Amino acid sequence: MTLLERLAAGPMIAIGGRKVRLAYVSLATPFDRASWSGIPWYSYHALRSRFPDIHVIETPRLDALVDRAGKLERYGLLVRRRNAVVRLYANRINAALERIQPDAIVGISAAHKLALIDPKWPVVYATDATFASVTSYYDKYHSLTATQLRQGERIQRALVDRVDHFALASQWAVDGARTSYGIPDDRLSVLPFGANLDIDPGMQPPDLDRPLTLLFVGFDWNRKGGDLALETWRILRERTGNAELHIAGCEPESALGLEGVHVHGRINKSDPAGYRLFCDLFARSHFFMMPSRQEAYGIVYCEIAAFGRPAVAAATGGVPTIVRDGETGLLMLPDADAINYADRIMALWSDPQAYRAMCTAARNRYENTLNWQSWCDGMADRIEAVVAQTAARRNAPAAHPTLIPASHSAAG
């Protein structure tokens, strides 16, 4: 069954006998699977199955200009967080909202687009982290000046004042939002993103007669812990004699030409041949290993769970929400070395019963939580609650001012 067929089985949401009308605003276009790791595409199609009266608000020309200028972020210029840019987005989105007249807005990681819109529109906002969490966590933002950080914080706090509910992808993101912005618990919830797969692969029984096989998938070899994965493979190959490592998403020089290492480079999942290769790599692996130094979430951990394979990762950022240590995968301390990783992998690999149980648990985690239908169910609950609360506020009787007797007036 395809993703869209599974989603279509869910009930449509109506309030007061009328279908809920939504506006959808995301960081990138939801009509291209390649945009922002596919999150806009999958989140939009999930919501459309439940809310057919959903309207995408896009600003392609402005997005293109901002994306080109976004290259300046490496020099510390936060183009998306500049007041002039945010106001441009607000003006264009406000005009679209007046035409659509939605019951609520769903925002997907689009703080710069929604921070200054008209406050009369209720907003349910989904993302993997807030500004303070990201800038204090990722190395690439540590060079930002105090002025740049204040500029970004102003936009984030404006968004916080606008949003009715934050559905954040991990507990790490929720903790950061609560600590940095004082968002109350009734406006916060953990709602994990799902695996970006068009067709559910089903549980793929592992072939334990093949050599122990690790899979690494990531574009940023250094930040994703590629060297640590490679060194772990070397130790495992010494211990087993034939361990393999498959690398997709990048072509690191340190891994080229090594016997037992297969470098596949970038894989286009939108291409049928690329998608088949992607699925084959996941199904043939025994462990997915991506020990990221920084990882706000990590959709790929959801994808490996769909195939029923354990993930091996560092316990950092949003990863512990996806991977449960000792149950669906192996989580290591951020300072663990390759020997620590190899020891835990070998201990599990040497116990086929325990290994198969972890594969099953990973698959169950995908079926119950790490899929877009589950995300859509959670969003539907939050959207319904926000729309109902907004309607109740608007229908509440207006408070009448207290009349002060003339003898007690200020003029008296």
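Which residue in β6 is the bridge partner of Ile105? I started my notebook with that, and the partner turned out to be Val123.

**Ground rules**

I am working on a predicted model, where local features need pLDDT of at least 70, side-chain atom pairs count only at pLDDT 80 or more, and totals for chains, interfaces and linings use all residues. Residues are numbered from 1 along each chain as its sequence is written, and side-chain values use heavy atoms, with hydrogens and water left out.

My labels for helices (H or I, at least four residues) and strands (E, at least two) are DSSP runs, numbered from the N terminus.

**Sheet one**

I went back to the strands around that bridge. β5 covers residues 104-108 and β6 covers residues 123-127, and the two pair in the parallel sense over four bridges. For strands to pair, DSSP has to find at least two bridges between them.

Next I traced the whole sheet: it is open, with six strands in the order β4-β3-β5-β6-β7-β8 and parallel pairing. At its edges I found β4 (54-56) and β8 (188-190), each pairing on one side only. From one strand to the next the twist averages 20 degrees.

Then I looked at helix α8 (residues 171-181), which lies across β7 (165-168) and β8 and runs at about 165 degrees to β8. For such angles, axes are lines fitted to C-alpha atoms (for helices over the stretch in contact), and values run from 0 to 180 degrees between N-to-C directions.

**Ser170**

Is Ser170 buried or exposed? I got 0% relative accessibility, so Ser170 counts as buried. The cut-offs are under 20% relative accessible area for buried, over 50% for exposed and partly exposed in between, with a 1.4 Å probe and protein chains only. I placed Ser170 in the loop between β7 and α8. Leaving aside neighbours within four places in sequence, Ser170 is in contact (heavy atoms within 4.5 Å) with Asp128, Val190, Ala296, Gly318 and Thr321.

**Sheet two**

I found another open sheet of six strands, in the order β11-β10-β9-β12-β13-β14, with parallel pairing. β11 (261-265) and β14 (329-332) are at the edges with a single partner strand each, so one side of each has no neighbour in the sheet. Here the twist averages 20 degrees from one strand to the next.

Inside this sheet I checked two pairings. β9 (residues 213-217) and β12 (residues 287-289) pair in the parallel sense over two bridges, and Leu215 has Phe288 as its bridge partner in β12. β13 and β14 run parallel and are joined by four bridges; Ala314 has Met332 as its bridge partner in β14.

Which way do the β14 residues point? Gly329 and Leu331 go one way, Leu330 and Met332 the other, and all are buried. I also noted helix α13 (residues 338-349) packing on the sheet, where it touches β9, β12, β13 (311-314) and β14 and makes about 160 degrees with the direction of β14.

**Rings**

How many aromatic pairs are there? I count 19, where rings of Phe, Tyr and Trp (its six-membered ring) pair if their centres lie within 6.5 Å; planes under 30 degrees apart count as stacked, over 60 as edge-to-face and the rest as tilted.

I zoomed in on Phe278 and Phe282, a tilted pair at 4.4 Å centre to centre with 35 degrees between the planes. Both sit in helix α10 (residues 272-284), four residues apart, about one turn of the helix. Phe278 is buried at 6% relative accessibility, and Phe282 is buried at 0%. Ring pairs link both into a cluster with Tyr275, Phe288, Tyr301 and Phe307.

I looked for charges over rings too, meaning NZ of Lys or CZ of Arg within 6 Å of the ring centre and within 35 degrees of the ring normal. Lys269 lies over the face of Phe278, 4.6 Å from the ring centre, and the charged end of Arg33 sits over the ring of Trp41, 4.1 Å from its centre.

**Cores and α15**

A nonpolar core is a set of buried Ala, Val, Leu, Ile, Met, Phe, Trp, Tyr and Cys residues joined through side-chain atoms within 4.5 Å. The largest one has 91 residues, and Trp375, Met379 and Ile383 have the most contacts inside it. Helix α15 gives this core its largest share, eight residues. A second, separate core has 41 residues, including Ala132 and Tyr137.

Last, I checked Gly378: this residue lies in α15 (residues 372-395) and counts as buried at 7% relative accessibility.
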